[in-house]
Amino acid sequence: MTVWNFRTTVSAAACVAALGLGFAGPVAADDGWKPTGPVSFVMHTKPGGGTDVMVRALAHSLEPMIGQTLVVENAPGGGGATQMAKVRAAKPDGLTLGVNTVSHFTAFLTNLDGVFSADDFAWIALMQVDPILVFSEKDSAVTSITDLVELARSKPGQVNIGGFGPVGSMQHLGMTMLEQEAGVVFNWVAFESTPDIIAAVMGGHVDAGVANLGPVIEFFEADRLKGIGVLGDDRLSSVPDMQTFGEQGYNVDTSWLQVRGVFGPKDIDPALQQQIADAIFTAMEADTYQTYARSAGVEDGTHGPAEYTAFVERILTIAEAQLKAANLLSQ
Amino acid sequence: MAESKERGRTSRLELNELRLAMWLCDLAGSGILLWVFWIYLQHANALRRPLNAADIGAGGFPGLLALIAIAALLLLLGIIIFRHVVTRRRASLVIQRPLFVVMTMALLVGQAILFDRIGAIVCVGGFSLAILLACGERRPMHLVGVPVALTAFIYAVFVLALGVKLP
Amino acid sequence: MFENLALGFASFADPMVWAAVFFGAFAGYLIGAIPGLGPSLGIALLIPFTYGMDPVVSIVGLVALYVAAEYGGAISAILINSPGTAAAVATAWDGYPLTKSGRAGEALTVSIVSSGMGIVVSTLFLVATAVPLSEFALKFGPGEYFALALVGLSLVSGLSTGSPVKGAIAMFIGLALATVGLDVQTGVPRFTGGNPDFFEGLPLVPILLGLYALTEVLVMIEDGAAAKTKSAPIKKLLAVPMSTLFGLKTVIARSSLIGYVIGVIPGAGPSIAAFLSYAISKKMSKTPEQFGKGSLEGLSSSEAANNAAVPGSLAPLLALGIPGSATAAVMIGALMVQGIQPGPLLFTKSPEIPYTIFASLWVGVPVMMFLGLAGARVWAKVADIPRPAIAAIVAGICFVGAYASSNSMFPVYVMVAAGLVGYVLRKLDFPLAPVILALVLGEMMEINFRRALITTQGDWAVFYSSPLTGILLAMAALAFLLPAFGALQGFVRKRRAA
């Protein structure tokens, strides 16, 4: 067992080295992750959602690399609880993995508090990062975050912001950070899908909307919507005109990003975790995945197990502080 | 119903039909619904007040709904009693082969409980045989053929063609 | 536009495109016919096959699958009273009584012809009005959506038979069931008993399977082995004379228009279209008393409308990049895999995509009709299987279908509970249709009502200041009140006569 561990650790290190040196390619899989059977990716969504499509795109290039089929198992329900129960109960052999978003982390603190916690799982790879941005209708008088804040100052609590998820959701917490920084109050209007938000902004039913880049970029190009600010360190390469929150003078924590990552049951061997992460990152370089990812407007993530676990802790700290500030935690 | 009303020969066990006074069943049914909506109303009222003053909150809509439903149920109770007192028509609720109906209900519940314990395929085969028996099928060919064909069909479609992982 | 349409049809020069149509239609037809599986699952399952394929080929296949799956739901609804989707519920109301009276072949033929014609007519509207109508649909704000949901609910009086009070109570049961789960606006768990399984609300399909299929199994148990039906065999090409089909032309045209318009409005899908068009057809019919007992008009209006809603839901998707239904949303995912992000520029940037879709909707119809008519001969025999065997088969497929709908036991429990409660309600003469209608519309109604008040800081004027909302609300009020007045009048008259 120790020998085996040693060997895989070395080969994993070799993989990392190969990646670092730019020798990455399907070759790296030769001594990488070799699952002994079909690998299940358990999803918390129904078939066809953004996260689901990501896994199916990944499967296309990952399957030939690992020489096993990749089964996408949709287990929606319970705000992720159905999926997490399946993953937590699975054997830590790397054959059952799950895909998570930031909503998993906020659920640990709110609805699923006491049912699941971050320590129940191994956080293996951060595959995608997707900053949130604020947009308005093309003819709207609101052309920047500053405009939005000024509007909210003139009529407190009456500026309608449409976003995905209820009070306490990822996007809502992002906006509460802006509220605190600017000292204003917005009126949060919850929607259940991003297209609904786009329709509501274009129809003039809300003043501004929150979204990730992918679903709205076509509307920017068509000049139907305009981006007024992105919550991130840098501007987005595909929308160079849109300033960040920070550039407009609102210093909101820029690690508050939408993410998509891979996790598994907690006792997976760290070396195996590293192998899985490496295999995934290599598979992400394939053309099919890149075509999908660029049209979806997401950035590729690079965090392996250690960095991702640290990232999860950081996100949980921010989320807890925000939820407390918004008076959404019971304790 | 358009199908033939003539019933087959009944076996010794079989109670042919159960007749209950419709108005009593109606009263019982409405009473239970009234109780359910009452509990529902209390849960709705216990939900947290909204943080946003313009929102009627998580409990607002269910609360309103429960109140109207309770009013409608009281009206229905009134109508049932009024009808019973005023008219002489005595309708009754008829359940044919009540024993087998109750047995099948138990079978459905049993199948739900055992489905992930003993496996979907075994479950479907076994319970389809039981339902066939409950429904009055006695021909041995059918009793064997249907469960086997059904299980094979389900395995082919769900497991082989669609790749569903059944317990 | 005509050059573009020609461009769309030109892509059918490629035999691969034809293969995609046949494969998509066949797969959709089967997936739709299995209770518990639906078009969105079918599309998601097909996505992996579309890698490396030409985008046009894969889109044509997906569209063919979508329409065929939407039709396939009618088969199980007609034969075994198990609508696999909410859109096929109204189909079961008349389709299953037809099967029970030995007219399964007729019912299947009318359903496939109505579905096919619904798509053809609706696609005509789509080609002509996709862009302007989608822009108009943007005017639908929370107030309008609330009013639309209320119009849908007001149909309850027209759809339920028997006591109107029981119909209303059945509606409240459905509305109450729709409130279970995490609240959309505040995220608070409601009526969940602390069990996370309930967080995302009660799943619709298992409830449908329980209320319709499992209660039907129990009714079959009551009837025992003695009850039999013998379907008339299909002798000619069609099971019904051409003149009968021709006589349905007004119903089909009207239902297709309703289906298309409702389909265009994002968030209102095939199910609302089918309910609405069924209720309107009943109102306009010369023989409304036949509805619910095996009316070909009723069957035809439901099927034409739910299929016509498919091209309708593609309109905002192609014109604006906003999906008109859950399945259209899955289509976006499938297109993204191809590197195509549908948006407002699709018509200008890559016109071959929308116009090929238009063409494939028309080309797909004959393929689907061929499959449907050929299949009707096989399926009609299903109705002849002895009752005990049908009961066993329905129960078995429902269990597996419910499990497969989310790969977990929760929907199975929900289905069994719905089946037992549904049987008791049915025995007590509570109509089940309002339960389903309210369950489908409940969330749309509540969330938009609250959203309307939130966005206007609690100003109730939102419900009468917009003309669109006003008209819709007036329609709903009329639909609720007129039958009530009628009933009161009848009651008074009877009292006087007595």
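How many residues does α2(B) have, and how far does α2(B) reach from its first C-alpha to its last?

Reply: This is a predicted model. In it, α2(B) has 27 residues and reaches 39 Å from its first C-alpha to its last, close to the 39 Å expected at 1.5 Å a residue. The helix runs over residues 60-86 of chain B.

UniProt, in an unreviewed entry, places the feature "transmembrane region" at five stretches of chain B, including residues 61-82. Over residues 61-82 of chain B the chain is 100% helix and 0% strand, with the end C-alpha atoms 31 Å apart. Another stretch that the UniProt entry lists is 143-164 of chain B. There the chain is 86% helix and 0% strand, and 27 Å lie between the end C-alpha atoms.

The buried residues of α2(B) are Phe61(B), Pro62(B), Leu65(B), Ala66(B), Ala69(B), Ala72(B), Leu73(B), Leu76(B) and Ile80(B). An α-helix has 3.6 residues a turn, so residues three or four places apart point the same way. As for partners, the buried residues of α2(B) pack against α1 of chain B and, in chain C, against α9 (164-178), β2 (189-190) and α20 (433-455).

The contact with chain C extends beyond this helix. Between the two chains, 66 residues of chain B are in contact with 60 residues of chain C. On the side of chain B that touches chain C, at least two residues each come from α1 (22-46), α2 (60-86), β2 (92-96), α3 (98-118), α4 (120-134) and α5 (140-161) of chain B. By class, this side of chain B has 45 nonpolar, 11 polar and 10 charged residues.

One residue of chain C shows contacts to both chains. Ala395(C) touches Leu108(B), Phe127(B), Ser128(B) and Ile131(B) in chain B, and Leu214(C) and Val217(C) in chain C, not counting residues up to four places away in sequence. Ala395(C) also belongs to the largest nonpolar core, which holds 335 residues. Within that core, Ala395(C), Ile280(A), Ile169(C) and Ile436(C) touch the most other members. Helix α4 (residues 55-80) of chain C gives the most to this core, with 19 residues.

Definitions and conventions: Residues are numbered from 1 along each chain as its sequence is written. Chains are lettered from A and ligands numbered from 1 in the order in which they are written. This is a predicted model: local features need pLDDT of at least 70, side-chain atom pairs count only at pLDDT 80 or more; totals for chains, interfaces and linings use all residues. Two residues are in contact if their C-beta atoms, placed from the backbone, lie within 7 Å. Helices (H or I, at least four residues) and strands (E, at least two) are DSSP runs, numbered from the N terminus. Ala, Val, Leu, Ile, Met, Phe, Trp, Tyr, Cys and Pro count as nonpolar, Asp, Glu, Lys and Arg as charged, and the others, Gly among them, as polar. UniProt positions are given in the numbering used here, feature names are shortened, and annotations may be inferred rather than shown by experiment. The expected span of a helix is 1.5 Å times one less than its number of residues. A residue is buried if 20 or more other C-beta atoms lie within 10 Å of its own, exposed if 12 or fewer, and partly exposed in between; C-beta atoms are placed from the backbone. A nonpolar core is a set of buried Ala, Val, Leu, Ile, Met, Phe, Trp, Tyr and Cys residues joined through C-beta atoms within 7 Å.
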